[in-house]
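Here's a quick briefing to read alongside the model. Have the sequence and the coordinates open as you go.

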Amino acid sequence: MRPGSPGPLGGLSRRLLRFIVLFSLAFTLLASAVQLYFEYRREMQGIESRLEVIRSGYLESLERSLWDLNQAQLDIQLRGLADFPDIAWVRLHSDDYQLLRGRALSASSVRSERFELAFRLPDGTLRDLGTLEVASDLGAIRARLVASGLANLLWMGLFICGLAVALSGLFHRLVTRHLLAMAAFSRRLAQGERGEPFRLDKRRRGQGDELDAVAQALDDMRQAIVDDLRRREADRLALQDKRDELQRMVELRTASLHRAKEQAEAANLAKSRFLATISHELRTPLNGILGMAELLRTSQRGAEDRKRLQALHKAGEGLLATLNDLLDFAKLEEGEVAPEPVAFSLRELLDEVITLLEPRALANGTRLQGATDSAIAERFRGAEQFLRQVLTNLLANAIKFTEGGHVEVRVELLGSEPGRQRLRLSVTDDGIGIAEAVQARIFERFVQADERVARRYGGAGLGLAVCKRLLQAMGGEILLSSREGEGSRFWFDLDLECLDRQLPETQPASSAQAIRPLDVLVVEDVELNREVARGLLERDGHRVSFAVDAQPALDLCRRQRFDLILLDVHLPGMSGTELCRLLRDDPAGLDRDVPVFAFTASLEADRVQGYLDAGMQGVIGKPIRLETLRQVLAQVAATAEVTGLLQESVLEGHREHLGDARLARLLRLLLERLAIDGAALLEALRQGDAARSADLAHRLASAADALGGRALANLLRHLEADAERGFLAGYADRLQGLLERSEAAFQGALAKYESL
């Protein structure tokens with residue numbers, strides 16, 4: 001028998017047996033209760049009839065005997081009453097007698113009945129003689145009822161159990177065993193045994209009963225399963241053939257797609273390499289062309305030479321603009337450029353773009369104007385760099401195709417809601433216009449109005465395509481309205497977030513005179529690029545040193561501290577990023593924290609991120625633009641006071657709060673500390689005492705930093721950290737030189753404040 005399957009009297013038979021027993025027991029209990037009720041009523045009626053007999057047949061004789069004071073007769077009469085069935089006792093209460101006959105029982109098991117005794121005199125008056133109390137034995141009645149009920153329950157229970165067992169056996173023979181056979185047949189079907197038909201172990205009479213119908217249905221199901229399996233096998237074989245055929249087709253298609261994928265990846269890789277190569281190969285000579293042209297333009301030459309140099313510089317700028325358009329569009333197609341929301345002033349952005357392009361407009365005899373709706377917010381958050389490039393491209397195009405005319409950029413407010421404004425920016429010119437046939441595809445790459453325009457004005461036809469892609473990235477769309485010979489109008493709508501806080505005000509250095517002379521190290525292996533850098537930097541009064549490779553640059557940085565390092569990223573033998581990491585990690589170097597800017601023509605997004613990850617502060621693209629270089633120099637000069645020997649702003653702050661005399665006293669105390677603890681620290685370094693070196697460096701760093709000695713404090717903190725790891729190599733010589741220069745700087749500050 002299978003585990004878990006019901007036995008011969010399991011399942012339905014057991015439930016039927018339980019049902020019959022429980023139902024019969026409940027019926028028996030109910031019937032017994034009804035029977036006991038009626039027997040109890042019969043017993044109570046018997047008691048009532050006996051009491052009625054006493055009332056009608058005995059009371060009068062008792063009254064006579066009590067009147068006659070015949071105690072013997074009273075005793076006989078009372079004993080006779082006590083002998084009645086179910087009479088427990090009788091009691092006579094009178095003034096003359098107190099008699100009790102029978103057995104005394106508890107009050108809870110008897111029923112007491114009182115009879116008043118009175119004698120009627122001949123004159124008809126009644127004389128009260130006492131009372132007769134008769135107690136019926138209820139306990140005996142209950143005992144008889146319980147015995148009778150138990151006997152009935154016993155016999156009926158035996159009868160019911162026998163009947164239940166007989167019915168269960170009969171049900172098992174007629175039903176249950178056949179159900180078990182059907183279950184076993186179903187399991188065999190599930191296990192795959194479908195060869196034998198199903199038959200019940202019973203004689204079939206006539207058309208059969210319900211079990212025969214179920215058995216026939218099971219056998220029909222077996223046959224249907226067999227037929228279905230045969231059909232499925234046939235279908236499987238057919239599908240196998242189809243699948244093999246499809247597999248061959250998929251393999252062929254996969255191989256074709258794999259080849260196409262490899263070709264596409266190779267093409268994409270070739271494109272990336274081409275862009276990187278053309279960027280470097282074109283920007284490097286352009287750097288020399290534009291740099292030399294810039295240097296020669298400002299030299300003492302004749303008007304004709306200056307005119308030729310101006311034409312040369314303008315041609316180089318045009319070539320650079322075309323190259324930038326090509327690279328920008330390639331980046332947009334690759335999805336490398338994403339809008340970065342920043343806080344900006346739209347009015348300031350327009351002023352800067354107009355200021356940048358105004359010389360070009362004046363050279364073209366064109367009047368350039370801007371107009372801004374007065375209701376436009378002062379500050380916004382959005383992709384300011386994208387918006388700047390779009391406006392620059394549109395205005396540059398308008399100026400290029402408008403000679404002796406008028407170009408206007410206008411900003412209008414279309415609608416406002418809390419925290420946002422919808423703006424329309426438009427650029428309108430009265431130049432040559434665009435033919436209607438070309439307007440539908442003017443925003444496609446490498447498309448210009450016609451060949452005549454391309455030959456006369458030049459360009460790669462990418463500026464408007466770049467604008468379209470940039471605006472799509474910002475969620476806008478550029479539109480065009482133009483008529484050939486009458487001018488053009490480009491416009492686009494943008495939703496921008498308004499800001500309430502003030503934008504930080506910056507004062508960019510626009511002239512070389514605003515920048516103090518700096519010590520600049522240029523690491524560049526191309527002689528032409530070195531000459532351009534030398535001319536541009538020395539013209540503004542800066543001191544320039546050169547290195548053509550990594551090792552000479554490291555040697556220079558160990559001997560001299562610079563204010564700025566311009567580092568070419570394509571060096572022979574070692575990349576600029578590797579050299580920057582060596583400079584940052586060199587324990588013997590003096591320029592570990594000096595600003596380093598990449599000096600390169602490779603401006604792809606992933607490459608720029610690599611420069612920053614290597615520890616550089618920014619990028620100066622080749623060819624060098626004088627304004628860009630001056631902005632970097634101004635930024636370095638602005639922070640040089642912080643990163644130099646003394647932070648003058650700290651000393652001035654102390655002077656404002658403490659006064660000249662107390663500040664001078666603090667400087668004298670610091671000089672004494674530097675002399676004593678500095679000598680002790682140098683001695684500890686030479687002896688290799690790391691613990692004492694770390695302690696002295698910590699104390700001196702705090703003292704120097706408190707009075708603006710930032711360079712000395714930075715070196716001492718580096719020393720403290722390395723000393724805690726047991727590393728002291730190279731620090732003694734570096735520290736000695738910096739201590740001497742810092743003491744001299746503090747002496748100069750002390751002399752300054754003592755003289756005030």
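Leucine 163 is partly exposed, at 39% relative accessible area, where buried means under 20%, exposed over 50% and partly exposed in between (1.4 Å probe, protein chains only). This is a predicted model, so local features need pLDDT of at least 70 and side-chain atom pairs 80 or more, while totals for chains, interfaces and linings use all residues. Numbering starts from 1 along each chain as its sequence is written, and side-chain values use heavy atoms, leaving out hydrogens and water.

**Around leucine 163**
- Leucine 163 sits in helix 3, residues 138–190 (helices are DSSP runs of H or I, at least four residues; strands are E, at least two; both are numbered from the N terminus).
- Phe159, Leu163, Leu167, Leu170 and Leu174 make a nonpolar surface patch of about 480 Å².

- Four strands form an open sheet in the order 2-1-4-3, with antiparallel pairing (two strands pair if DSSP finds at least two bridges between them).
- Strand 2 (98–102) and strand 3 (110–120) are the edges, each pairing on one side only.
- Strand 1 (residues 87–94) and strand 4 (residues 126–137) run antiparallel, joined by seven bridges.
- Arginine 91 stands opposite glutamate 133 in strand 4.

**Helices on the sheet**
- Helix 2 (residues 71–82) packs on the sheet and touches strand 1, strand 2 and strand 4 (contact means heavy atoms within 4.5 Å).
- Helix 3 packs there too, touching strand 3 and strand 4.

How values were computed
Patches are made of residues with over 30% relative accessible area and no salt bridge: like charges are joined within 9 Å, nonpolar side chains (Val, Leu, Ile, Met, Phe, Trp, Tyr) within 5 Å. Accessible areas come from the Shrake-Rupley method with a 1.4 Å probe; for residues, only the protein chains shown count as cover. A salt bridge is a side-chain nitrogen of Lys or Arg within 4 Å of a carboxyl oxygen of Asp or Glu. Axes are lines fitted to C-alpha atoms, for helices over the stretch in contact, and angles run from 0 to 180 degrees between N-to-C directions.
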